Amino acid sequence: MWLAQHSCPALPRVFDVSRRGYVMEELTELPMNVLDWNAVRLELVRILEEHVWSRACDTDAEWSNFVSYLGNLGRTWAPDVEPVLVGMAHDLLGPEFHLISQCLAHGDPTASNVMLRTTGGLVLVDPDPTTYMPSSREVDLGKMLMSAWGYETLRFGWGRCWDEF
């Protein structure tokens with residue numbers, strides 16, 4: 001399990017791992033109506049910088065996996081856009097893909113993946129380690145921007161999470 005292998009204060013504590021799953025610490029949902037989302041965002045960046053991004057990456061993203069992922073996305077959601085997505089990836093990232101600085105990354109630090117420990121500290125749940133995207137700080141920041149631009153509003157009907165980034 002990725003969580004057990006990458007134990008750190010930014011992630012939930014895992015107490016036991018078995019073939020059927022794992023047992024982790026009890027967490028509480030964030031109270032959406034009373035939070036200062038900008039303070040949450042700043043704390044998440046601090047936690048990620050200190051405990052996640054400072055660690056070496058244990059996977060290596062492959063260019064072919066990334067292009068395949070984009071192609072599948074295009075075919076699933078907008079078949080007419082698929083060639084454009086793949087073409088943009090080749091034009092914008094192709095020659096420099098191997099230069100992306102990789103580190104350990106959460107993979108999905110959106111506002112909907114933030115919870116509270118019973119002690120009150122923030123913790124990131126539901127990590128998404130992949131081999132189709134570079135494991136990098138920039139990918140994590142991009143996912144945080146999704147929240148700033150209204151991902152949770154569209155998906156769950158929440159109010160805006162991060163007004164300023």
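Pro109 is buried, at 0% relative accessible area (buried is under 20%, exposed is over 50% and partly exposed is in between, with a 1.4 Å probe and protein chains only). Pro109 sits in the loop between helix 4 and strand 4 (helices are DSSP runs of H or I with at least four residues, strands are runs of E with at least two, and both are numbered from the N terminus). Its C-alpha is 9.2 Å from that of Leu48, a residue 61 places away along the chain.

A quick word on the ground rules: this is a predicted model, where local features need pLDDT of at least 70, side-chain atom pairs count only at pLDDT 80 or more, and totals for chains, interfaces and linings use all residues. Residues are numbered from 1 along each chain as its sequence is written, and side-chain values use heavy atoms, with hydrogens and water left out.

**Nonpolar cores**

- The largest nonpolar core has 22 residues, and Leu44, Val52, Trp53, Val114 and Leu122 touch the most other members (a core is a set of buried Ala, Val, Leu, Ile, Met, Phe, Trp, Tyr and Cys residues joined through side-chain atoms within 4.5 Å).
- At least two residues of this core come from each of helix 1 (2–5), helix 2, strand 5 and helix 5.
- Helix 2 is the top contributor to this core, with six residues.
- A separate core of five residues lies apart from that one, and its members include Ala61, Leu70, Ala89 and Phe97.
- Skipping neighbours within four places in sequence, Val114 is in contact with Leu30, Val40, Leu44, Leu122, Val123 and Leu124 (contact means heavy atoms within 4.5 Å).
- As background, nonpolar side chains tend to be buried together in soluble globular proteins.

**Helix 5 and its surroundings**

- Helix 5 runs for twelve residues and spans 17 Å from its first C-alpha to its last, close to the 16 Å expected at 1.5 Å a residue (the expected span is 1.5 Å times one less than the number of residues).
- Its buried residues are Val139, Asp140, Leu141, Met144, Ser147 and Ala148.
- The cover over those buried residues includes helix 2 (37–51) and helix 6 (151–156).
- Just past the end of helix 5, Gly150 has a positive phi of about 105°.
- Asp126 also has a positive phi, about 55°, despite not being a glycine.
- You'll find Asp126 in the loop between strand 5 (122–124) and helix 5 (137–148).

**Salt bridges**

- There are six salt bridges, counted when a side-chain nitrogen of Lys or Arg is within 4 Å of a carboxyl oxygen of Asp or Glu.
- Arg117 pairs with Glu25, with the closest N and O atoms 2.9 Å apart.
- That pair ties together distant parts of the chain, 92 residues apart: Arg117 is in strand 4 (residues 114–117), while Glu25 is in the loop between strand 2 (21–24) and strand 3 (27–29).
- Arg117 and Glu25 are both buried.
- Asp108 bridges to Lys143, with a closest N to O distance of 3.5 Å.
- This pair also links distant parts of the chain, 35 residues apart, with Asp108 in the loop between helix 4 and strand 4 and Lys143 in helix 5.
- Asp108 counts as buried because its relative accessibility is 16%, whereas Lys143 is partly exposed at 22%.
- Arg46 and Glu50 meet in a salt bridge at 2.6 Å, N to O.
- Both of them are in helix 2, four residues apart, or about one turn of the helix.
- Arg46 is partly exposed at 38% relative accessibility, and Glu50 is partly exposed at 45%.

**Arg55 and its contacts**

- Arg55 lies in the loop between helix 2 and helix 3 (63–77), and is partly exposed because its relative accessible area is 28%.
- Neighbours within four places aside, Arg55 is in contact with Gln5, His6, Ser7, Cys8, Cys103 and Leu104.

**A nonpolar surface patch**

- Val81, Val84, Met88, Leu92 and Leu93 make a nonpolar surface patch of about 410 Å².
- Patch residues have over 30% relative accessible area and no salt bridge, with like charges joined within 9 Å and nonpolar side chains (Val, Leu, Ile, Met, Phe, Trp, Tyr) within 5 Å.
- Areas come from the Shrake-Rupley method with a 1.4 Å probe, and for residues only the protein chains shown count as cover.
- Met88 is in helix 4 (residues 82–92) and is partly exposed, at 44% relative accessible area.
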